[in-house]
Amino acid sequence: DLKFHEMLKPLSWLFGKWQSTDGKGIYPNVADFTYSEEATFLPVEMKPVVEYKMHSWKTENRMPMHRETGYIKIQPNTNHVAFVAAHIMGVVEIQEGEINGQELCVESKNVGRTSFNSPPEVKLVRRFLRRSGNELEQVIDMQTDKTSLTEHLRITFKRVD
Ligand code: HEM
């Protein structure tokens, strides 16, 4: 079993490795797509911080798709949580929100991008995560400079490790 900082207890339901082959992607003016994804959430030794990674690929041909990585922090002695996220396409964001039992919802408080990113600009990402038994559901809504807050991704992972 993983040793972790006691402050991380409200997040311990996330820890481990998760996989799915049935992700569903949608967005206005984007053709619907399906994807596979692996997610790992691992507590950093002795620190009240979780390191996470999410890698996705096209289920039919394993072509790499989106990747993100970062750190999850908890405001001491609260249920306030922050994802410090770096995305492969040159976007970084800090998402904040609350943990409630075995679910959490966070949304971007800051978004940064490279000076040479292609449009559209990501304005806000909202992440919903919920564990039920050995399943972990994630829904991502996104707002860009062209499109109001709309669902982009929906996936249910199974625990593999
Ligand atoms: C499109 C952002 C995760 C697959 C887009 C667009 C943006 C975006 C800004 C362009 C939308 C438009 O043209 O109006 C993000 C962000 C993500 C994320 C911020 C994570 C929080 C993912 C994941 C996948 C994915 C996990 C697949 C596994 C796609 C595809 C398109 C797209 C296939 C349409 C084609 C393209 O523009 O490349 N995404 N995305 N995205 N996204 Fe995501």
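## Pocket and ligand site

The lining of the largest pocket is made up of 16 nonpolar, 10 polar and 5 charged residues (Ala, Val, Leu, Ile, Met, Phe, Trp, Tyr, Cys and Pro count as nonpolar, Asp, Glu, Lys and Arg as charged, and the others, Gly among them, as polar). The model is predicted: local features need pLDDT of at least 70, side-chain atom pairs count only at pLDDT 80 or more, and totals for chains, interfaces and linings use all residues. Residues are numbered from 1 along each chain as its sequence is written, and side-chain values use heavy atoms, with hydrogens and water left out.

A pocket is an open set of points on a 1 Å grid over the protein atoms alone, where a 1.4 Å probe fits and protein lies on both sides within 12 Å along at least five of seven lines; lining residues have an atom within 4 Å of a point. The largest pocket holds about 810 Å³ of space, the volume being that filled by probe spheres set on the points. Of its 31 lining residues, H66, M89, V122, M142 and H152 lie nearest the centre. Strands 2, 3, 4, 8, 9 and 10 each give two or more residues to this lining (strands are DSSP runs of E, at least two residues, numbered from the N terminus).

The ligand takes up the space of the largest pocket, with more than half of its atoms within 2 Å of the grid points. Around the ligand are 16 residues, the closest being F33, S56, H66, M142 and H152 (a heavy atom within 4 Å). This shell has 11 nonpolar, 4 polar and 1 charged residues. Strand 2 gives the most to it, with 3 residues.

The strands below each supply at least two residues of the shell.

| Strand | Residues |
|---|---|
| Strand 2 | 30-43 |
| Strand 4 | 64-74 |
| Strand 8 | 122-132 |
| Strand 10 | 150-159 |

H152 belongs to strand 10. Its NE2 is the only protein donor of the iron atom of the ligand, at 2.2 Å (donors are N, O and S atoms within 2.8 Å of the metal, or 3.2 Å for Na, K and Ca).

Two loops carry backbone features. N29, in the loop between strand 1 and strand 2, has a positive phi of about 65° although it is not a glycine.

Key. Helices (H or I, at least four residues) and strands (E, at least two) are DSSP runs, numbered from the N terminus.
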